[in-house]
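User: Can you walk me through this one? I'm new to it.
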Amino acid sequence: TSLAKPSVSITTSNGKPKITWKAVTGADKYYVYRSTDGKNFSYYDSTTKLSYTNTGAKKGTKYYYKVKAICSANTNANSAYSAVVSIKATK
């Protein structure tokens, strides 16, 4: 069976994009993917936390993110991508 896809929301923290999601049962970590056009996503970072702040975001740039839940014991069980969320960095 595969992991449930993360349910992601986005806000800003000190003007920087901050994404948060609920824990996915069975996931060890989460991969964050980023895009600036909403189409071409690239792997950005991995985290074991339930939030990620893009401290390197450029002011006035709109960023798009999606998150995947990862099971390191069985990579075939990795989740589908979350829905895409986007926000503009204000600082």
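Here is a short chat about the core, the sheet and the rings.

Analyst: This is a predicted model: local features need pLDDT of at least 70, side-chain atom pairs count only at pLDDT 80 or more, and totals for chains, interfaces and linings use all residues. Residues are numbered from 1 along each chain as its sequence is written, and side-chain values use heavy atoms, with hydrogens and water left out.

User: How many residues are in the largest nonpolar core?
Analyst: The largest nonpolar core has 17 residues. Such a core is a set of buried Ala, Val, Leu, Ile, Met, Phe, Trp, Tyr and Cys residues joined through side-chain atoms within 4.5 Å. Among those with the most contacts inside it are Trp21, Tyr30 and Tyr65.

User: Which element gives the most to this core?
Analyst: β6 does, with 4 residues. Strands here are DSSP runs of E, at least two residues, numbered from the N terminus.

User: Switching to the sheet. What is the strand order?
Analyst: The order is β4-β3-β6-β7, in an open, antiparallel sheet. Strands pair if DSSP finds at least two bridges between them. β4 and β7 are the edge strands.

User: And the rings: how are Tyr44 and Tyr52 arranged?
Analyst: They pair edge-to-face, 5.8 Å centre to centre, with 85° between the planes. Ring centres must lie within 6.5 Å to pair; planes under 30 degrees apart are stacked, over 60 edge-to-face, the rest tilted.

User: Why does Tyr52 count as buried?
Analyst: Because its relative accessibility is 15%. Buried means under 20% relative accessible area, exposed over 50%, partly exposed in between (1.4 Å probe, protein chains only). Tyr44, at 28%, counts as partly exposed.

Methods
Rings of Phe, Tyr and Trp (its six-membered ring) pair if their centres lie within 6.5 Å; planes under 30 degrees apart count as stacked, over 60 as edge-to-face and the rest as tilted.
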